[in-house]
Amino acid sequence: MRLPTSRGPLSDVVAGLLKRPVTTQTVDFPVPDETRPDDEAITLWMLHELHYRGFDDVDEAWEWAPVLMPLRHRLERNLELSLRRRFAAGRPLRRGPAADGASDVVSDIEAVITASEGRSLARHVQRHASREETLHLLRQRSIYHLKEADPTTWVVPRLEATTKAALVQVQYDEYGVGDPARLHHELFARGLAASGLDRDYGAYIDETLLPVLEQNNALSLFGLHRRLRGAALGHLAVFEATSSVPSRQLAQGLARLEFPDAMVEYYDEHVEADAVHEQLVLHDVCAALVAAEPDQHDEVLFGAWSCLDLEARTAEALLDDWEVA
């Protein structure tokens with residue numbers, strides 16, 4: 001993957017810097033322009049990607065270059081504050097641990113899911129979407145699905161034994177139970193290629209919408225910070241708990257539009273897998289974490305609510321782009 005096209009002065013400076021040898025000199029980065037949020041978002045995405053597969057035209061030593069850390073801290077702080085403001089304004093149920101120390105975090109997550117509203121991308125694809133709209137959706141989804149479980153893997157060493165074992169069980173499935181050909185991101189890549197799309201990691205970053213960048217940045221933010229481990233697991237819980245039915249709808253829509261079997265297979269795989277993962281993540285991961293660390297209760301709910309909020313914003317952006325009422 002090569003560096004993405006700049007979207008404003010900040011990303012232009014950062015992309016230019018990353019193409020040069022690592023420096024120890026201080027850099028005066030432009031202040032993010034509030035009227036161009038995609039400039040800030042693509043910049044943070046670039047900085048996060050240094051921790052994943054990096055860029056072909058960037059020295060790997062940039063990953064932990066001190067000159068980048070203040071900027072990354074500022075951009076991550078801005079994103080987290082935005083997510084927390086929306087969380088507070090949404091007023092989700094946040095009951096907290098019961099007086100006896102027990103936690104009802106599973107019921108609270110389920111209440112957040114039940115209270116969520118928004119238009120459904122999957123239902124539109126199932127019944128009405130054109131082939132062009134569906135290809136657009138797949139290109140947008142590729143930014144996440146070609147790394148899929150990787151942001152959550154950062155959380156594994158930050159957990160105690162019970163929670164860690166349950167999370168690794170989920171991740172083992174995501175990584176194909178030891179078979180490289182069955183990794184979920186490999187299944188998606190094969191589906192893209194069969195559909196006539198580019199399967200290369202990050203191939204469609206230049207057309208990625210702002211809410212999709214926010215989704216990916218939030219996942220990396222949660223995964224890369226130990227203090228946000230509860231948010232990372234809450235996000236995972238809701239993602240797994242709300243994806244089985246949409247995966248079935250997407251599979252049906254893809255079949256309706258006569259997409260190749262390899263693309264349909266990716267979503268068929270998630271119909272069953274995510275139904276199983278839902279119970280594991282809710283009870284054996286999130287509930288176990290909160291039982292051991294009661295202070296993580298609201299952080300789990302923050303991640304859970306953010307997952308639904310970010311997905312709703314993505315759906316609105318795409319459906320509006322397609323002029324769907």
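Modeller: Gladly, and one definition to begin with: contact means heavy atoms within 4.5 Å. Helices (H or I, at least four residues) and strands (E, at least two) are DSSP runs, numbered from the N terminus. This is a predicted model, where local features need pLDDT of at least 70 and side-chain atom pairs count only at pLDDT 80 or more, while totals for chains, interfaces and linings use all residues. Residues are numbered from 1 along each chain as its sequence is written, and side-chain values use heavy atoms, with hydrogens and water left out.

Colleague: Thanks! What is the mean pLDDT of the protein?

Modeller: pLDDT is the predictor's confidence in each residue, from 0 to 100. Here 96% of the residues reach 70 or more, and the mean is 93.

Colleague: And over which residues is the pLDDT below 50?

Modeller: Where pLDDT is low, the predicted coordinates should not be read in detail. The stretch in question has one contact in the model beyond near neighbours in sequence, and its pLDDT is below 50 over residues 98-102.

Colleague: Let's turn to α1. Which helices do its buried residues pack against?

Modeller: Buried means under 20% relative accessible area, exposed over 50%, and partly exposed in between (1.4 Å probe, protein chains only). In α1, residues 9-18, the buried ones are L10, S11, V14, A15, L17 and L18. Because they cover an arc of only 160 degrees around the axis (taken from the directions from the helix axis to the C-beta atoms), they sit on the same side of α1. Their packing partners are α2 (37-49) and α3 (69-90).

Colleague: How are α1 and α2 oriented to each other, roughly parallel or roughly antiparallel?

Modeller: Axes are lines fitted to C-alpha atoms, for helices over the stretch in contact, and angles run from 0 to 180 degrees between N-to-C directions. Angles under 35 degrees count as roughly parallel, over 145 as roughly antiparallel, 65 to 115 as roughly perpendicular and the rest as oblique. For α1 and α2 the angle is about 25 degrees, with the axes 7 Å apart. The two helices are therefore roughly parallel.

Colleague: Which residues of α2 make that contact?

Modeller: From α1 come P9, L10, S11, V14 and A15. On the α2 side they meet D39, E40, I42, T43, M46 and L47.

Colleague: Now the cysteines. How many disulfides does a search of the whole structure find?

Modeller: A disulfide is counted when a pair of cysteine sulfur atoms lies within 2.5 Å. C286 is buried, at 0% relative accessibility, and its sulfur is 11 Å from the closest cysteine sulfur, in C307, too far for a bond. C307 is also buried, at 6%. The number of disulfides found is zero.

Colleague: Where is E258 found, and what is its phi near?

Modeller: E258 is exposed, with a relative accessible area of 68%. This residue is found in the loop between α12 (244-256) and α13 (261-292). Most residues other than glycine have a negative phi. The phi of E258 is positive, near 60 degrees.

Colleague: What is the phi of E323 near?

Modeller: E323 lies in the segment after α14 (297-321) and is exposed, at 75% relative accessible area. Its phi is a positive value, near 60 degrees.

Colleague: One last thing: which residues is E186 in contact with, leaving aside neighbours within four places in sequence?

Modeller: E186 is in helix α9, residues 184-194, and counts as buried at 19% relative accessibility. Its contacts are P180, A181 and R199.
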